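Colleague: Hi! Could you walk me through this model when you have a minute?
Modeller: Happy to, here it is.
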Amino acid sequence: MITDALTASTRKMVLSLASAKGRKAVGAFIAEGTRCVCDSLGKFQLLHLFATSEWLAEHSTYAPVATQVSSRDIERISQQKTPQPVIAVFRIPETELYAYDGDMALALDAVQDPGNLGTIIRLADWFGITHIIAGPGTADAFAPKVVQATMGALARVKVHRVDDLADTLRRSGAPIIGTFLDGDNLYTQDFPLSPRPIIVMGNEGNGISKEVESAVNRRILIPSFPPGRQTSESLNVATASGIIISELSRRIYGKTTI
């Protein structure tokens, strides 16, 4: 049972987790809201669970490991504009080395926006992708904005941080797919999907770096419709990720019946 009172030092510790420096010092991250917290329980080591009496009345299963606090206390430690009645602090797991296992995976080349990263993790979870390789410059998967954007998906998708993304991709032995303006049309071109590929998504402003591009062996393009008309210069990286994952999943798993 967690018996810590919400002391000034505890509040200070929880608030420190908003920064990368604080998360590194404590070795922990914060999750807020029922979905995010409950999905993470059992997947990450729980350090603290703070909840209001009203929340605990509805979720009595968690009462033995919770510290009951007031709504005011929740507001004082929350990172959200509209605080939720439950906040948890979890231990950040040790980064696992990525090993290609034959399943489709995502690789992120300096995807910097926390909202984009959180959405991509959530997309991966929806389509059954359980591994994301995060290269240098990619946002911290355990930052509060990322954790909240995943809506609990972070508990089911492993994010592997690597120092050299290009080298990791080359060593994987997997087909490496990247998006480029001179790539083949995603919808009209056939390309091998066995073994399943690693899909590389690039930086919001600069796309895939030259170094990582050297590891790509299949270049694709998401076309605009109707062809030839003037349109936006590029798609948001999370949106593009969803389009590519959806199309490749359709090809791999075939048509589903609803």
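Predicted model: local features only at pLDDT ≥ 70, side-chain atom pairs only at ≥ 80, totals over all residues.
Colleague: Thanks! How many helices and strands does the chain have?
Modeller: Ten helices and ten strands, taken as DSSP runs numbered from the N terminus (helices: H or I, at least four residues; strands: E, at least two).
Colleague: And what share of the residues is buried?
Modeller: Of the 258 residues, 47% are buried, meaning under 20% relative accessible area with a 1.4 Å probe, protein chains only.
Colleague: Now the four-stranded open sheet: what is the strand order?
Modeller: The order is β1-β4-β2-β3, with mixed pairing; two strands pair if DSSP finds at least two bridges between them. The edge strands, β1 (28-32) and β3 (67-68), each pair on one side only.
Colleague: In which sense do β2 and β4 pair?
Modeller: Antiparallel, over five bridges between residues 46-51 and residues 86-91. L49 stands opposite A88 in β4.
Colleague: Switching topic, where is A25?
Modeller: A25 is in helix α2, residues 20-26.
Colleague: Buried or exposed?
Modeller: A25 is exposed, because its relative accessible area is 68% and exposed means over 50%.

Definitions and conventions. Residues numbered from 1 in each chain as written. Heavy atoms only, no water.
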